[in-house]
Amino acid sequence: MSEAALERPAAGRNILSDIGVRQVLLALALLLYPAVASDFFLTQIGAYSLIWGVLALSLMLLAGYGGMVSLAQITTAGVAAYVVAIFGTNNMNIYGFGWPWWVLVPFAVTVAAIVSAVIGAISVRTEGIYTIMITLAIAAAFFYFAQQNYALFNGHSGFAGIPAPHFWGVNWRDPVPFYYLCLFVAALCYAAVLYCSRSTFGLALQATRDNPRRMRALGFHVVAHKVAAYGLSGIIAGFGGVLAVWFNGRISPGTVDFGQAIDVLVIAIIGGLRHPIGPFIGAVFVVLIQTFAIDIVGAERYNTLIGLVFLVIVFVSPDGLLGLWQQIKPHLAQKSLRSMPSGGNGKSN
Amino acid sequence: MSLTEQSASPGITRRQAWAIFWLLAAGVLAWMFIAVWPHWLNDILISKKAFVSSIFNGITLAGLYFLVASGFTLVFGLMRNVNLAHGSLYLLGAYIGYEVTSRTGYWLLGVAAGFLVLAAIGLLMQVFVFRRLEGDELRQTLVTLGISIVAADLMLAVWTGNTYQIGVPHWLDGAIRLPIVSAVRSNRLVVLAVAIIIGVGLWLMLNRTRVGMMIRAGVDDRAMLSASGVNVHAVFAIVFAIGAGLAGFAGVVGGSALSVAPGEDVRYLLASLVVVIVGGMGSITGAAIGALLVGLAEQIGLVYFPTYGIVLTFVIMVVTLAIRPQGIMGKVQ
């Protein structure tokens, strides 16, 4: 873990200087994707992967840089989605205050950030492996609460008929606009996480992950850094939740249950926690498996397939598909290059 | 703390004597209220029957939670392994108990099969999976998560989404009259009795046997135990087998008192999580206290504020974390 921190460039270095040919090609491919993709591939694969990617990215920020594996990210996203349903428009005749989107979205994201910070404040009281247990318990408590409570969450049925906004003469739930909306939000979150990882705050967070005692001795407020990281990840998860509720048009306790909480973790782990691109790779991979599992193992046994893939990844490559690539890359290069120090990275398992 | 425990002779210590005294005093006070039942209590607690039965249901549920959580906390205490597949072991035990009981007709055989088969599976998991990932707690936890995903799906494939009820012998089925509670199903009482027996048995095993001594030593300092010539891997394997076996055992007992259905794995995993967070990781006594608190909170919440019941459990967890982050009986690492 400590070597990862060393590899990163120093704080204050301009992100723009890192953009190379590969990054430009990827951006072009993503921008031109609607030109070749059908509506199904645009929405059910493209936009859906981007939404899950944003959710997993919020976990990557916490787990990758902060060393806190939280299973409550779906809860944060769910809170944002419920806020959109309650204060925006829905066709259940319950609440639905009809706030315009430009008030609603910042409000929902702010609430999500606050909720996430509170979850963080509760769970950072214990460390390491305990975080998984406590955040899982919190996520489950929220699910059962949303399911039992009719006064606020409308119980089991939740809210339906939540429209995506119409502005500038565009219905943003149409396939192409919605894809670009998701792409824009995902790119924004991606850039924010990348920037954050190189900021003073991000470096302090990574140092906290590697050695909390030393950071405390140096005079850093370790708990405050961790809670702030939860708040930031809450903003990202909040955006993911808003997109998800516009995508589905509905929100119910089933959207924030145990299985979904696990899915976020599975995607982030399969993709890799080393770099913010990992969660998006994981999301595309999992969504593709989910969509085409019918052809491989039948629609029923999709979870077995994804669970086995997850197990293999955890066993073979602790850094997910991203780490797998870094293990393979040196072998593809010339033989003489293998002995170079950069190639040694992949062998450490 | 550890010094007093070591010097404790087979009798009871001063602290334990005081604990028993206060428990008795609290019991007498509760008895005085319940026996007299002043009118003003009706305004707060709806009725005597509702109150007493919610308490009683809470205690029997606590018995079941203790059975599940004791294995979980034992494994965690020694191996620092958060076994997220613990719920799956519970459910698999319940299904195996159902199959054996319905085919042979002997309930006790089903209980034994539930324990033994799951203990064997636990042994295999420890030897083939967790030993390979030793020292990497996060990866161990992720592996158990992966196993639970696959296991839940495969169990759904084999036993479908139906709800089963494990048939119990007639001496367990029926109503028993008790002094305060009008009538209870006797299998509920059996759950409680079994939980107490297992709890006492575990306590005796941990505190009075050689293996128990090794386990306690391993919880305190694994490296030192290994250095003193004990085969730590064998101890780990035994503990994991007991932990998994207890989950399977709890599955059969729970499946007889309540029912067996997909989704129960998650429910009991979460119950175990909250119980050990509240009670303290790695402590059997803590698991008993945590199970009692969570079981009572759940049933009282169900009767008195149905739509906010879960919040009560959650508040207990948060308050524990705020006051004692390591749990009520947990030790600071």
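Chain B has 14 helices and two strands, while chain A has 16 helices and two strands; both kinds of element are DSSP runs (H or I of at least four residues for helices, E of at least two for strands), numbered from the N terminus. The model is predicted: local features need pLDDT of at least 70, side-chain atom pairs count only at pLDDT 80 or more, and totals for chains, interfaces and linings use all residues. Residues are numbered from 1 along each chain as its sequence is written, and chains are lettered from A and ligands numbered from 1 in the order in which they are written.

**Confidence**
- Chain A has a mean pLDDT of 80, with 88% of its residues at 70 or more; pLDDT is the predictor's confidence in each residue, from 0 to 100.
- Among the elements of chain A, the highest mean pLDDT, 90, belongs to helix α10 (residues 222-248), and the lowest, 40, to helix α16 (residues 344-347).
- In residues 1-12 of chain A the pLDDT is below 50, and the model gives this stretch 12 contacts beyond near neighbours in sequence. Here two residues are in contact if their C-beta atoms, placed from the backbone, lie within 7 Å.
- Residues 342-349 of chain A also stay under 50, and they have seven contacts beyond four places in sequence.

**Burial and contact range**
- Of the 349 residues in chain A, 45% are buried; for chain B the figure is 45% of 333 residues. A residue is buried if 20 or more other C-beta atoms lie within 10 Å of its own, with C-beta atoms placed from the backbone.
- In chain A, 75% of the contacts between residues at least 6 apart in sequence join residues at least 24 apart.
- In chain B, residues 24 or more positions apart account for 75% of the contacts with a separation of 6 or more.

**Nonpolar core**
- The largest nonpolar core holds 197 residues, of which Ala80(A), Ala137(A), Val242(A), Tyr65(B) and Val68(B) touch the most other members. Such a core is a set of buried Ala, Val, Leu, Ile, Met, Phe, Trp, Tyr and Cys residues joined through C-beta atoms within 7 Å.
- Helix α3 (residues 39-66) of chain A supplies the largest share of this core, 17 residues.
- Leaving out residues up to four places away in sequence, Val68(B) touches Tyr90(B), Ala247(B), Ala250(B), Tyr268(B), Ala271(B) and Ser272(B).

**Interface between the chains**
- Contacts link 31 residues of chain B with 33 residues of chain A.
- On the chain B side, α7 (137-159), α12 (264-279) and α14 (309-323) each supply at least two residues, and α7(B) gives the most, with 14.
- That side divides into 22 nonpolar, five polar and four charged residues. Ala, Val, Leu, Ile, Met, Phe, Trp, Tyr, Cys and Pro count as nonpolar, Asp, Glu, Lys and Arg as charged, and the others, Gly among them, as polar.

**Helix packing**
- In chain B, the axes of α12(B) and helix α13 (residues 284-304) come within 7 Å and cross at roughly 115°. Axes are lines fitted to C-alpha atoms, for helices over the stretch in contact, and angles run from 0 to 180 degrees between N-to-C directions.
- Residues making this contact include Ala271(B) and Val274(B) of α12(B), and Gly286(B) and Ala287(B) of α13(B).
- The contact of α12(B) with α13(B) has 10 nonpolar, three polar and no charged residues.
- In chain A, helix α4 (residues 73-87) and helix α6 (residues 130-148) pack at about 35°, with their axes 8 Å apart.
- Ile74(A), Thr75(A) and Gly78(A) of α4(A) meet Ile138(A), Ala139(A) and Phe142(A) of α6(A); by class, the contact has four nonpolar, two polar and no charged residues.

Notes: A residue is buried if 20 or more other C-beta atoms lie within 10 Å of its own, exposed if 12 or fewer, and partly exposed in between; C-beta atoms are placed from the backbone.
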